[in-house]
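The sequence and the structure are shown first, and the description follows.

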Amino acid sequence: MIKDIYDAVIEMEQERVESLVKEEIAAGGDVSKILNEGLIAAMDEVGRLFAEGEFFVPEMLQAAHAMKAGLDVLKPHLAKGDSGNKGTIVIGTVKGDLHDIGKNLVAMMLEGAGFQVIDLGVDVDADKFLAAAAEKQADIICMSALLTTTMPGMEALIKTVREQGLSYKTMVGGAPVTPAYARKIGADGYGEDAPGAVETARGLLSA
């Protein structure tokens, strides 16, 4: 049955994922196995398919929506037992930028990988990022930008984190953002795409 959940995510069948997860829970299935071997493993495979050019952004987005449908069913049960939480990430699109498709996909992929994700939405200023990170005891602050004019907001936030000696790791991404820019502004990590962001986050928290 867990293999069916895995397959349904990869086949982007949102309603089927939802009903299969409900059936597995009703049958007394292991919640952490559903999460790790069904949903997370499927999203890892989706990331691999994307990297190999077999999946593109629309397919990845549909698979992420399917995974999220299953995750929403699982959440109340995860709270009771092994949450499988790999770390807490605050994510948002920086101040002045209203683009969110890429950010939403990254957030869903991170959630599917077992992270607790606090999505602050778009047009998020530095104070809001820092307040949410403090309140949720975040491990990583993840910033997205699609406009070159809003990218300096990333640098300003990272500078504040450094100057105040805060422990948060910082990650940046978005179409105009490059690895060189991430290094220049002192970011701890860079995500070229959603699967890349998941790998970067895993790396930052296992380091």
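## Charge and surface

The chain carries 19 positive and 32 negative side chains, and the centres of these two sets lie 5 Å apart. The structure described here is a predicted model, and every value in this report is computed from it.

The chain exposes about 9,700 Å². Carbon and sulfur atoms supply 52% of that area. Of the 207 residues, 49% count as buried.

## Overall fold

The secondary structure of the chain consists of nine helices and five strands. Followed along the sequence, these elements take the order α-α-α-α-β-α-β-α-β-α-β-α-β-α. The radius of gyration is 17 Å, close to the 17 Å that the globule rule gives for 207 residues, so the chain is as compact as a globular protein of that length.

The C-alpha trace spans about 50 × 35 × 30 Å along its principal axes. Contacts across the sequence can also be described by separation: among those between residues at least 6 apart in sequence, 71% join residues at least 24 apart.

## Salt bridges

The count of salt bridges in the model comes to 16. One of them joins the side chains of K3 and D7, with an N to O distance of 2.8 Å. Both residues belong to helix α1 (residues 2-10), and because they are four residues apart there, about one helical turn separates them. D7 is partly exposed, its relative accessible area being 22%.

R16 and E11 form another salt bridge, in which the closest N and O atoms are 3.4 Å apart. R16 has a relative accessible area of 33% and is partly exposed. E11, at 44% relative accessibility, also counts as partly exposed.

## A link between distant parts of the chain

A salt bridge is also formed by R202 and D44, whose closest N and O atoms are 3.1 Å apart. This pair links distant parts of the chain, since R202 lies in helix α9 (residues 194-206) and D44 in helix α3 (residues 31-51), 158 residues apart. R202 counts as partly exposed at 26% relative accessibility, and D44 counts as partly exposed at 37%.

## Buried residues in helices

K103 lies in helix α5. Its relative accessible area is 4%, so K103 is buried, the cut-off for that class being under 20%. Leaving aside residues up to four places away in sequence, K103 touches I91, G92, T93, D119, G121 and S144.

T200 is found in helix α9, the helix that also holds R202. With a relative accessible area of 19%, T200 falls under the 20% cut-off and is therefore buried. Residues up to four places away in sequence again being left out, T200 touches M171, G189, Y190 and G191.

## Buried residues in loops

Loops provide buried positions as well. M151 sits in the loop between β3 (140-144) and α7 (152-163). At 7% relative accessibility, M151 counts as buried. Not counting residues up to four places away in sequence, M151 touches A145, P176, V177 and Y181. The C-alpha atoms of M151 and K95 are separated by 9.0 Å, although the two residues are 56 residues apart along the chain.

G114 occupies the loop between α5 (101-112) and β2 (116-119). G114 counts as buried, with 8% relative accessibility. Its C-alpha atom is separated by 7.9 Å from that of N36, a residue 78 residues away along the chain.

Notes: Residues are numbered from 1 along each chain as its sequence is written. This is a predicted model: local features need pLDDT of at least 70, side-chain atom pairs count only at pLDDT 80 or more; totals for chains, interfaces and linings use all residues. Side-chain values use heavy atoms; hydrogens and water are left out. Helices (H or I, at least four residues) and strands (E, at least two) are DSSP runs, numbered from the N terminus. The radius of gyration is taken over C-alpha atoms; the globule rule is 2.2 Å times the number of residues to the power 0.38. Buried means under 20% relative accessible area, exposed over 50%, partly exposed in between (1.4 Å probe, protein chains only). Contact means heavy atoms within 4.5 Å. Accessible areas come from the Shrake-Rupley method with a 1.4 Å probe; for residues, only the protein chains shown count as cover. Lys and Arg count as positive and Asp and Glu as negative; His and the chain ends are not counted. The place of a charge is taken as NZ of Lys, CZ of Arg, CG of Asp or CD of Glu. A salt bridge is a side-chain nitrogen of Lys or Arg within 4 Å of a carboxyl oxygen of Asp or Glu.
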